[in-house]
Structure formats: C-alpha cells, structure tokens
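Here is a short report on one protein structure. Keep the sequence and the 3D view at hand as you read.

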Amino acid sequence: MHRHADVAPTAGPQPTLFLPHGAGPCFFMEWNPVDAWNKLAAFLKSVAATLPQRPRAIVLVSGHWLARQVRVSAAANPELIYDYHGFPAHTYQLRYPAPGDPALAARLVALLGEAGFPAEEDHQRGLDHGAFIPLKLVFPEADVPVVQLSLRSDLDASAHLQIGRALAPLRDEGVLIIGSGMSFHNMRGYGDPRFAPISDDFDQWLNAAVAAPADQRERLLQHWEEAPSARLCHPPRAEEHLLPLMVAAGAALDSPGRNVFSDRIMQTTLSAYRFG
C-alpha cells in the first residue's frame with residue numbers, strides 16, 4: 001500500500017502541512033528492510049515543488065518539544081539537537097545550518113499573546129530532529145529561515161487548534177507552517193503485524209476528518225481520541241506526535257485538507273496531510 005498524491009503549485013497563501021518525520025535519522029542511515037523509508041523520503045523531497053512560491057520562512061512545530069506554555073525558538077543561528085539515541089555515529093554529525101528569524105519569533109509571540117496564549121522566546125534552543133531531519137529532505141540547501149514552536153505539555157487538542165488559528169495570518173506573508181510528527185506513534189506497534197489493521201482503522205478516520213468541512217474537521221480533531229483504535233495508535237499522554245497536525249489544521253482556517261501521502265512502514269500506515 002502506497003499513495004502519493006500529485007499536488008500542482010497554485011497562486012495564493014502558503015498551505016499548511018503535517019509531515020511524518022520518520023524514526024530518528026532514518027533517512028540518513030541503513031535500515032532493515034533497506035527500502036523501508038524510501039517512499040516517504042521521496043515524498044518529502046517533492047514537497048517544495050508543490051508550494052505556491054518559495055517560502056520566506058518556516059514555522060515548524062515538532063512532537064519533540066513540549067513546554068508548559070508555548071515557547072518559540074528565537075536564536076539567529078540555531079544549533080541542532082541530536083535527540084535520538086543508539087544510532088550510528090555519523091548521524092550525530094548531520095548538519096542543517098538554516099538561519100533562524102528572531103523578528104518572526106517575536107511576531108509569533110505577539111500573535112499568540114493576542115489570541116490568549118502567553119508565549120516566550122527561547123534564545124538558546126536549537127532545532128530538534130523532528131525539525132532538521134525532514135527539512136534536510138524538503139529544503140536540503142538549508143537556506144530558508146526556520147523558527148520552531150513548542151507544543152504545550154497539557155497536550156490539549158483544542159488548545160493546539162486555537163494556537164494554529166492564531167498563526168494563520170503568517171500564511172499570507174509567505175510563511176510555511178509545518179506540523180512535524182507521526183500519524184501513528186505507538187512504539188510497541190512498529191514492526192508488529194497485529195498493528196497493521198489497527199493503524200489502518202485510525203488512518204481511514206483521520207483521512208476523513210482532515211477532508212471534512214472546516215467546522216466539522218475541527219470538531220472531529222478536537223475529539224480525536226474517540227476515533228477507532230485512537231489510543232492504540234497514540235497511547236494516553238503520548239499523543240505529542242499527533243498534535244502538530246492540530247496546529248497545521250488550525251492554521252488552515254477554512255482551507256480544505258487532504259491526505260497527500262500514505263505508506264505502510266514498519267507494519268503500520270503513516271500519512272501526510274496538506275491544507276490549502
């Protein structure tokens with residue numbers, strides 16, 4: 001099973017995206033089976049060509065940064081955080097020297113504050129692997145400024161949809177908003193064939209929810225845990241890899257959403273979504 005929807009570039013605001021970022025540095029090392037991540041890698045490499053224009057900056061929210069209240073990376077030259085463990089030595093030498101954008105970080109803090117979400121700039125934190133690993137494929141030249149946004153540690157789906165809505169004006173300013181996570185993220189399920197139909201059940205629900213009219217989409221995503229097999233795919237208090245989707249969906253406002261990639265990887269179905 002594999003699906004990769006062709007998306008032609010169009011004029012207008014930037015879309016918002018939810019991208020699976022894989023397992024650690026999976027795209028830059030040998031894996032078993034060797035082709036496990038190839039189709040996802042090819043999809044990520046194709047994303048930039050589908051955008052209406054080259055983004056002036058990227059705002060990325062990753063499942064690997066949680067804070068009590070939203071934090072925004074404000075370093076001018078963010079370092080990399082190699083927050084994966086037990087991988088080959090060369091994967092800790094990967095580089096992604098994209099600049100930050102302190103002015104954009106300040107604008108995010110202002111937009112979030114106006115929407116009732118106090119946020120803080122973080123001038124020390126770099127880009128975690130949920131950011132730099134997929135971006136190495138999407139924008140390999142590392143020449144688009146990147147500002148990373150944390151999730152809130154309360155993992156409240158409704159709040160993250162609202163956080164996304166607060167960021168929506170950036171789309172008209174040439175900023176690409178990316179949620180980086182995984183549509184299935186139960187560590188015990190990867191590689192277990194019993195989880196193939198479980199992941200399919202949730203994936204089919206998620207595809208329909210994303211494609212629903214915006215008001216219905218929001219209601220469904222707010223209550224995602226009621227979906228078939230939801231808590232088998234994202235165990236309780238471990239849904240941080242799904243919540244970047246909520247930010248992307250919120251920032252989409254009324255823009256339509258759709259599945260643009262699916263593949264069976266490590267016995268589970270993983271999907272990517274685009275709004276607008």
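The report below takes up helices, single residues, a pocket and some backbone details in turn.

Keep in mind that this is a predicted model.

Start with helix 1, which spans residues 38-46. Its buried residues are L40, A41, F43 and L44. These residues cover an arc of only 160° around the axis, which puts them on the same side of helix 1. An α-helix has 3.6 residues a turn, so residues three or four places apart point the same way.

What lies over the buried residues of helix 1? The cover includes strand 1 (2-4) and strand 2 (16-20). It also includes helix 3 (129-138), strand 8 (257-265) and strand 9 (268-275).

Now turn to helix 4, residues 157-167. How many of its 11 residues are buried? The count is 9, so helix 4 is largely enclosed by the rest of the structure. Among the buried residues are A157, S158, A159, H160 and L161. I163, G164, A166 and L167 are buried as well.

Look next at W224. This residue sits in the loop between helix 6 (214-222) and helix 7 (230-233). Is W224 buried or exposed? Its relative accessible area is 2%, so W224 is buried. The cut-off for buried is under 20%.

Which residues does W224 touch beyond its neighbours up to four places away in sequence? The contacts are A157, F202, W205, A230, R231, H234, E239, L242 and M246. One of them, A157, is a buried residue of helix 4. Q204 is 20 residues from W224 along the chain, and their C-alpha atoms are 12 Å apart.

S180 is another buried residue, at 1% relative accessibility. Its place is in strand 7, residues 175-181. A polar atom of the S180 side chain lies 2.4 Å from the backbone oxygen of G130. G130 is also in the contact list of S180, which leaves aside neighbours within four places in sequence.

D122 belongs to strand 5, residues 119-122. It has 11% relative accessibility, so D122 counts as buried. With neighbours within four places in sequence left aside, D122 is in contact with W65, R71, V72, S73, A74 and A75.

## The largest pocket

What is the volume of the largest pocket? It is about 240 Å³. The pocket is lined by 17 residues. Closest to its centre are G22, A23, G24, H185 and M187. By class, the lining has 9 nonpolar, 7 polar and 1 charged residues.

One of those central residues, H185, also touches P235.

## A proline in a loop

P235 is in the loop between helix 7 and helix 8 (243-252). Besides H185, P235 touches N186, not counting residues up to four places away in sequence. P235 and N186 are 49 residues apart along the chain, yet their C-alpha atoms are separated by 6.5 Å.

## Backbone details in loops

A cis peptide bond joins N32 and P33, with omega of about 5°. P33 lies in the loop between strand 2 and helix 1.

S229 has a phi of about 60°, and Q267 has a phi near 70°. S229 is found in the loop between helix 6 and helix 7. W224 lies in that loop too. Q267 is in the loop between strand 8 and strand 9.

## Accessibility side by side

The table sets out relative accessible areas for the single residues discussed above.

| Residue | Relative accessible area | Class |
|---|---|---|
| S180 | 1% | buried |
| W224 | 2% | buried |
| D122 | 11% | buried |
| P235 | 21% | partly exposed |
| S229 | 22% | partly exposed |
| Q267 | 35% | partly exposed |

Why is P235 partly exposed and not buried? Its value is 21%, and buried means under 20%.

Definitions and conventions. Residues are numbered from 1 along each chain as its sequence is written. This is a predicted model: local features need pLDDT of at least 70, side-chain atom pairs count only at pLDDT 80 or more; totals for chains, interfaces and linings use all residues. Side-chain values use heavy atoms; hydrogens and water are left out. Helices (H or I, at least four residues) and strands (E, at least two) are DSSP runs, numbered from the N terminus. Buried means under 20% relative accessible area, exposed over 50%, partly exposed in between (1.4 Å probe, protein chains only). Contact means heavy atoms within 4.5 Å. A polar contact is a pair of N or O atoms within 3.5 Å; within protein, one must be able to donate a hydrogen and the other to accept it, and residues adjacent in sequence count only if both atoms are side-chain atoms. On a 1 Å grid over the protein atoms alone, a cavity is a set of points where a 1.4 Å probe fits but cannot get out, and a pocket is an open set with protein on both sides within 12 Å along at least five of seven lines; lining residues have an atom within 4 Å of a point. Grid points are joined across faces, edges and corners, and a volume is the space filled by probe spheres set on the points. Ala, Val, Leu, Ile, Met, Phe, Trp, Tyr, Cys and Pro count as nonpolar, Asp, Glu, Lys and Arg as charged, and the others, Gly among them, as polar. The arc is that of the directions from the helix axis to the C-beta atoms.
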